[in-house]
Structures are given as structure tokens and as C-alpha cells.
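Hi,

Here is the structure I promised to send over.

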Amino acid sequence: MEQWDDKSKLTLRFTVGGRRYQVPVAEVERVLSLQRQAVSPIPFGLGRRVEGLFSFRGAALPLVRIAAASACQCGGDGDMTVVLLGEGAKRFGVIVDGVSSISDAQDTDAVSVCAETLYKGNAQAFSQEGSLNDAGSR
Amino acid sequence: MRDRDNEILDLFISESEQNLQLLDSLLLAAQSAGSLSRQNAAETFRLVHTLKGASAIMRYRTLEQSAHLLEDILSGLRGGGEPSLQNGMTDILNVCLRFSDFFSEQLERIKRGEGIAASDELDAAIKSAAASMHKSSAQTVEAPCVFEAPAMPIPSGSILLHLHLRKCPMPHIRCSVIARSVLSLCESVMTVPGDIERHPELSGQIMESGFELYAVPKDGVELAQLTDKLAKQPFVTSVDAPTPKAAAQNVRQRESTVHIPQSKLNDLFAVLDELVTTQSILSDVLEKDGVTDSRAAFLMGRLRHNAVQARDLSSEMGMVEIDAVFQQMRRLVRTMSQESGKEILFISDGDGVPVDGGMVETISDALLHLVRNAVDHGIEPPDERIRIGKKAEGTITLSAKKENGMLTLSVKDDGRGIDREAVLEKAFEKGLLRQRKNSCSDSELLEILASSGFSTNADVSRYSGRGVGLDTALKRVRDIQGGVSLESAAGKGSRFILRIPTTLSLLNVLTLYIGEDRALLSASDVASVCFAARAEKRNESVIFREQEYERLYMPAATRDCDDDVLVFLSEEHGRFYIRAARTDIAAELLLLPLPQYISDMLGKENIFSNCCIDKDGAILCVIDIYKLIAANDEGGKRNEDIRQ
């Protein structure tokens, strides 16, 4: 159990469109499985950068894709894997292809992301008409 | 240990806040009644006494000392004749209110972890009020009390007993006899007033609402023994004894209360909301799958009942009475009128109306501005009022009413009305109007007053509450699905009306189907829904009930839809309509905040204020009419003078 002591160094690894990412475990609220039909789109074409809203513990949360352009295979008709990130009013879900592991070792090939940069990358940068690939990578 | 200390401190703060609120309500009632009844004087005394005791326990010596000084004055008021305001009472009430203000301020400081301020000024004021009272009340010698000297405070450890009597001759004397009957069981017994047998005029009141006894039982005497003995006295029909703890803390509080952190309550509400939604979805699923098992149907019915009941109970738990807000406004009017030399009668109507605890701050912020404006700009100085043939005393009426799930609040004054020309001129100067104009409708006037940037910081005085402007205060009312309207007539006065859903969590909605999309409107935003006549179909504007209505478009994708159903919006928004393919009247849905992510992402494009979980589990966005109008303005769809 020793290696789990320092939680700040733990990262959750996941893949999106064949690419590996890692995010600090401290920022992950949970990983959940979501049915496609449980996601409601934002009406009137206003949800261009958001998949839609889903309900989690009585709150409505936005569901986003990590990178607009990457060839994400996730979604389709079946269940999606969603990583719930952030806290309070700024929580959101990210669609991923799969979650691989939790580790305290740095994966040099993986793109490091964090909730704040993802949030900014998606919600804020996009609102200024930015088109970011790999929004939130550092 | 630290936690325990904090708990005690929290309890001290919350109980003191409650007591200060009761104290304020008594003092302000006395102020408007023109006298302090002896019963209320006793109650006032008791509250100050309790505050003193609590401060002593917490070792807040300054607070204890001020309370002690005030206690001395008040103990003198409880006996003797009915003190009127002429007998230096105004001074006493003022000094009591100052004490209450001081105490409240110190509680705020304690909350912030700061020390207590010095009370020298307050103490001096209390002492000088005491001195002037003794001079003026020399002739009102305190009448002796049979059981206790009237100047004696209500003994600590008193139990308050409330007795009711059957019809009997001379009930005031009967009260005194009944009190005497338990002297053998008690250290002391006190009626209110102490010399009740000398007050035949109280007979009616005693028959109607009973009378009260403060009793301190001797050691070893049980409360039950005491109440039994009292109940056996001739003519006594009932004896109510609150729990001793509650009696010591708060006479009015007949029920014990527990303190629950707001965050825990919110968590509970969220879970219950989800429970109701899940139940609703489950019931749909069963129906779709054709489950006809009668047992399942029965259990589903029961589950629905329980879920709804639990949610209703929980929303009641979060309810508070609006009285505290009214009191705050009464206070404000009183202070402001004293400082400005205006004479103002403040009337409040609707005490006891329950409101969602989460909305109180929003409501009081908005009312604070409206009442402040009424005093500052509405009510004229007395000489001016007399000159134009009005009564010297202006009137501000604050009323609250609850009907059809909406809380209606109105702030009305009989002052000079809003100066349209001045407002329009200022709006033009500030760039809120594209061109000068010298007349406008009430709703245009309201939009100017509510637009950000109209009221400047210079207008924000110390009465502006937590420092938000009128624009922000009104925006918050709209954020919780509230509507605002205004009527103002030159020379006659103004009236602001706020209509707010009574709970934050439920909203009556209308579902709009437009193209592929589905969204919600608050039912309170909708005036009427009808089918378009063919001739009107392609027109931008339509005539409805002899009025011209302008069309509002949903953003981008749905611009060219030409659906048949016209949804006319309520007048407070101006005259607008929306076209939809069809609409559904949904019942109440649970209101959830729109994720900040969405509002950040959409920025100015955002037309939503909240979202709801529909019966089928879908999350639907609630359209905010104000934002929709603004979005239509941006798109050049409207030629209005008011820029958003």
C-alpha cells in the first residue's frame, strides 16, 4: 500500500482516439458508464462544443469531448465511459475510450491534462471562437 | 475540543440572532403602537436578560455589561402603569434598538473571528436614557406586586406556564388566586403583569387567550406536580408547559429545534429530488414494458406517494417566514426617515408568509433597494407634501402574498412617482439610449432602472445591503425565475411588484417543441398559447387581442421555422411571441442550476437560465426570456432604444 500514500502524485490514465492521457486522481470525482440516451443535447444549435447534459446525483452536468478533432471512437449507440472531473459548479464529464490504470509513475508518452485547463480549453477558449485540438494539453 | 467549542459558539450566535430578531420585532411593534404593553416589556426584559446570560457564559464581558445596563432600565418598565411614548419611551426604544444593532454587529465580528468593539458610546446612551426615564416617570410609581417586587427580573430557571380558564366572574382575580395555589410548591410564582388582580380591564383578554405564569419550582418538585395542581384549580381548563429548556431559551419557541448545516440540507434535497425523478422514470419504464402486475402498481403508487411526501417535507424544512425581511425593512425606513426628516408610515401586510430559505437573501436585497428608493426618491419632505395637498406623512406599503405557487411582493409608496424625464436623460447620457426621448412606458422605465450601469456607485449608500446595485438585485430575482413589474404615476407614487416562484426547486413549465429541439419556458412567462391563423402565418408581427406582438427567434439553427403554435409571452416582458411546432403543459419539474460550463461556453449567446429533468429523464434547458430578447437584439432583429 505504500506507493498510494502520496495521492497528489497519482494519475488516472485513459485513452481517447488512440492517444494516452493522464489526469491527477485528486481531480477525478468518479468514472462512470453512461448510456447514449441519458445525454440530452443542448437545443437550438447552442451545444456545438458540448455533447449535452447528463444527470448525476441530482445535478445536471455537461459532457464534453477532450479534443474536437481527434478521431474519437467513443460514443455510438452503446454505453460510454465518462470521467467526471472538477468540483462544485465546475464539474463536467469527459468522454473517453477507456480507462487503463492508476499509477504514480509518470508516463512520458501520455498527455498530461488537468480539470482546470480542460475546462478553460473547452468552455472558455471555445467561446472566443478558438478551435483547439488537444484543448487542455500542456 | 476545538469542535465542541465551535459548536457552542455557533449555538450562541444562532440563538442570540433569534433573540435579537424577537427583540427587534417587539421594539418596532411598540414603536408603531405608541406604547409598550407591560407584557411586552416583560418579554423585552427577558430577551435582554437571556442575551446577557449567554454573553456571560461566552465571556463576552462588553456585551454582558451593556445588556446589564439595559436590563436595569427595562426592569423598571415592567411594573407600574402602561408606559406611554411620552414618558421618555422614545429614548428607551431608541437605545434598545441601538443595543440590538450593536449586539448584531458584534455577532458579525465574532463570525469573522474578530474581537468585540468597545461599547462606551452605547453604554453612555443607555445611562442617559435611564436618567431621563427616572426624571419623567417619577409620578408613575411602580405598583407593588403580590408575589414579587415588580422590579425583580423574571427569576432565572423560570418555567412559563400558559393557562386557559372557563368563563368565570372576575377572571383577573381568579388568575391571582390560581397563582397563589402553587406557592407551596415554588420558590416564586409570578403572573404577567405581576399585579394582575388590579387589572379588571384584562378580563376579556384572559378569557380569550388565557394568561401566563412564571414559576420557579422548589428543588425536588416535578413540573408534572405543578401542572397537575394548577389543572385541578376551579375554572382552569388547560395548562401548557413548554419544555424547561425551551422555556428558558425562548418563550415564543414552543417547539425544540435542531441546527443543521445548510450544506447537509442541500445534499438531502438533492437526493430527494433525484428520488422523485427516478421514481417518475421507473414508473414510465414499467408502463412502457406493459407491466400490469397489480402488486407492482400498488407499490409504485406508494413509492410515488412517499417520494413526493419526502420532497414536500424537505421543502418545508427549508422554508422560513418572511417576517424577518419585513422587520429589516421596517428598521430601514425608521432609520432613514429619522435621518432625512421625512415622516413615513410603514405598513407591512403578509406576516408569516413562508418563503424558501435559499431565496431570502435575494428577496431582501431587492426589497432593500426598492424601499430605499421609495424613501430617498419617492416620498417628498413633509412641507412639500403639505404644499401639494398631501398628508405630511408619506406611506410605504410592503406586502407579501402567496397564491398559485407564486409569491407576490409589492413595494408601494405615495410619493412623487419616478421622474421619467430625469431617468431618460441620465440613461441617454450614460449611453443606454440611442436617442433622446422624453416619454416612455412603465416597462421601458423598469428596464432602464434595471440595466447594469444605470445606477452608479455614487448612489450606493450604506443602506444598500451587501453592496449590490439595483440592477444586480433585480437580475438575481430574474435568475430565480422571478418577474418584476413597475407602475409609476407622477405625483401619485410608484409600485414595484416582484413575482417569484415560492420554492427554488419546482417550476411550472411549458415544453416547446421547435424543429428537432425541445426546451422549456416558465409557465409564469407565458400569457397564452394559440394556433396561428393562415393569414398571419408569415408575418413577423401578429395582432393578438388588439395588440401588436413582435416575434422572438430562437438562435441560429431554427431561424426559418414557421410553425403553427404561437406562444404569447406575459406583458412584463413587453409584447413578444415565439413560434413552436407544438407545446406541452408539463406539471411541476425540478429546477436545477444550469452548469456554469454552459454559461461560460455560450457567453453572450446564452439564452438559458436553468434546466429541469423532464418526466422521461431528459434534461431540458429553461429559456430566460430576458436573455432571449437580448440575443434577438444582438442579431439585429429588434429595433429598440434600449441596448442590452
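**What I found**

B:C96 counts as buried because its relative accessibility is 1% (buried means under 20% relative accessible area, exposed over 50%, partly exposed in between, with a 1.4 Å probe and protein chains only). This is a predicted model, where local features need pLDDT of at least 70, side-chain atom pairs count only at pLDDT 80 or more, and totals for chains, interfaces and linings use all residues. Residues are numbered from 1 along each chain as its sequence is written, chains are lettered from A and ligands numbered from 1 in the order in which they are written, and side-chain values use heavy atoms, with hydrogens and water left out.

You'll find B:C96 in helix α4 (residues 89-111) of chain B; helices here are DSSP runs of H or I, at least four residues, numbered from the N terminus. Leaving aside neighbours within four places in sequence, B:C96 is in contact (heavy atoms within 4.5 Å) with B:L27, B:L70 and B:L74. Its C-alpha atom is 9.5 Å from that of B:A67, 29 residues away along the chain.

B:A67, B:L70 and B:L74 are among the buried residues of α3(B).

Enjoy!

Terms used. Helix = DSSP H or I, 4+ residues; strand = E, 2+ residues; numbered from the N terminus.
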